[in-house]
Amino acid sequence: MDLDSIALYRKMLTCRRFEEAIAVLWHEGPISGEMHLGIGEEGINAGVLDHLGDDDAVALDHRGTAGMVLRGVDLAAIVKECIGAADGLCGGMGGHMHLFSKGHLAASSGIVGAAGPTACGFALAAQHLRPGTVAVAFFGEAAMNQGMLMEAMNLAAAWELPVLFVCRDNGIAITTASASVTGGDLEVRARGLGVLGKTVDGADVEMVWRAAGEMIDRARGGRGPSFLRATCTRPEGHFLGDPLIRIARSPLAELKPRLGPLASATTSAGGAPIAQRVGSLGRIISMLGRTARSQLGPAHDPVKRLRKRLAITSDALVTLEQEVDLMVKGAVDKALASVTTTGEEASR
Ligand SMILES: Cc1ncc(C[n+]2csc(CCOP(=O)(O)OP(=O)(O)O)c2C)c(N)n1
């Protein structure tokens, strides 16, 4: 298969616009609860999933909305699911963290690390029932410290399962710097289990596409599992409304109402020794600085980066972008126009 950068751009932009539309619905109220989006990860999602055919399978995590979009799941059904509508993708009972489509062989789970065993199940079925097909697991770097994912990678190597493990590494698990709780190098860890490992810049979709293509071809040919670690940054942070990102974006406005409570917590009698409290404050401030530097830079945006490199006339680019905007808007409008009952109400 040849690399088609324009087609990849269309896919990435569709994910970006769709997730931006979901964010608007979350801010305006129709979608409630935590919302984890993959804005900033489009290069990884599109670069990997571009290689899959209809009979291949995908296991996603709590950030699986874009994966579902790229598998061709109906956008309006996803919107309705996020809203909790009875006619959503999963009857309105799963929400954005538990999107599932049997027809697309795509399943997600909010349990960190669960994509590993799920993908192994898909890959075992592929090995026996659909030779030549593969399974892909997507997860964050924090999942690499979950036992079940390590067990899944071990079994995948022992049974030579046709599976690709894709680790989207943004360096932070909610508010924990992953380096502070992770031993060694993840690529080396995968190799230690007998799984081929490679690291790429996840903001460079063409680099992801090439690496994933080799690994998926290898799996299709019966040569076993691989692990692709793709670095990325997420301007929205862990979830919409992420306080770390809000403070990193506008420290003065956000910190002002917090200064009083922080000062009294640092100086009040009792509790941890003062030195320890001051040390904790220092760690919070350095975490904010690191977040601002690492997550918010324009250079990390995979969509903008590819757009600059496209060999396309400006008229054709405008047309492509208008088509994507219209398609996403049409799907969201369609979903909103027909929402009546929530899944919860229907099940009562
Ligand atoms: C087994 C399990 N432990 C803890 C959680 C709570 N939790 C939800 S997301 C998350 C961090 C995940 O970080 P990572 O895997 O790196 O993915 P990211 O959110 O950065 O994409 C945690 C700890 C969970 N959902 N499941």
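Tutor: Start with V136, which stands opposite L164 in strand 5. Two strands count as paired here if DSSP finds at least two bridges between them. Strands themselves are DSSP runs of E with at least two residues, helices are runs of H or I with at least four, and both are numbered from the N terminus.

Before we go on, this is a predicted model, where local features need pLDDT of at least 70 and side-chain atom pairs count only at pLDDT 80 or more, while totals for chains, interfaces and linings use all residues. Residues are numbered from 1 along each chain as its sequence is written, and side-chain values use heavy atoms, with hydrogens and water left out.

Back to our pair of strands. Together with helix 6 (residues 147–158), strands 4 and 5 make a right-handed β-α-β unit. Right-handed means that, with the strands pointing away from you, the path from the first strand over the helix to the second runs clockwise.

Now look at strand 5 (residues 163–169) itself: seven of its seven residues are buried, meaning under 20% relative accessible area with a 1.4 Å probe, protein chains only. Both faces are covered, with V163, F165, C167 and D169 on one side and L164, V166 and R168 on the other.

Strand 5 also pairs with strand 9, again in the parallel sense and over six bridges. There, F165 stands opposite F227. Strand 9 (residues 226–231) has another parallel partner, strand 8 (residues 196–201), joined to it by six bridges. From strand 8 the chain crosses through helix 8 (residues 205–220) to strand 9, and this β-α-β crossover is right-handed. Within that pairing, D201 has T231 as its bridge partner.

A cavity is a set of points on a 1 Å grid over the protein atoms alone where a 1.4 Å probe fits but cannot get out, and lining residues have an atom within 4 Å of a point. Eleven residues line the largest cavity, and the closest to its centre are I172, I174, G237, H238 and D242. Helix 9 (243–249) and helix 11 (274–295) each supply at least two lining residues. Domain 1 (5–235 + 301–347) and domain 2 (243–295) both contribute to the lining, so the cavity lies between them; these bounds come from an automatic or database domain assignment.

Technical notes:
1 Å grid on protein atoms, 1.4 Å probe; cavity = no way out; pocket = protein on both sides within 12 Å on 5 of 7 lines; lining within 4 Å. Buried < 20%, exposed > 50% of the residue type's maximum accessible area, 1.4 Å probe, protein only.
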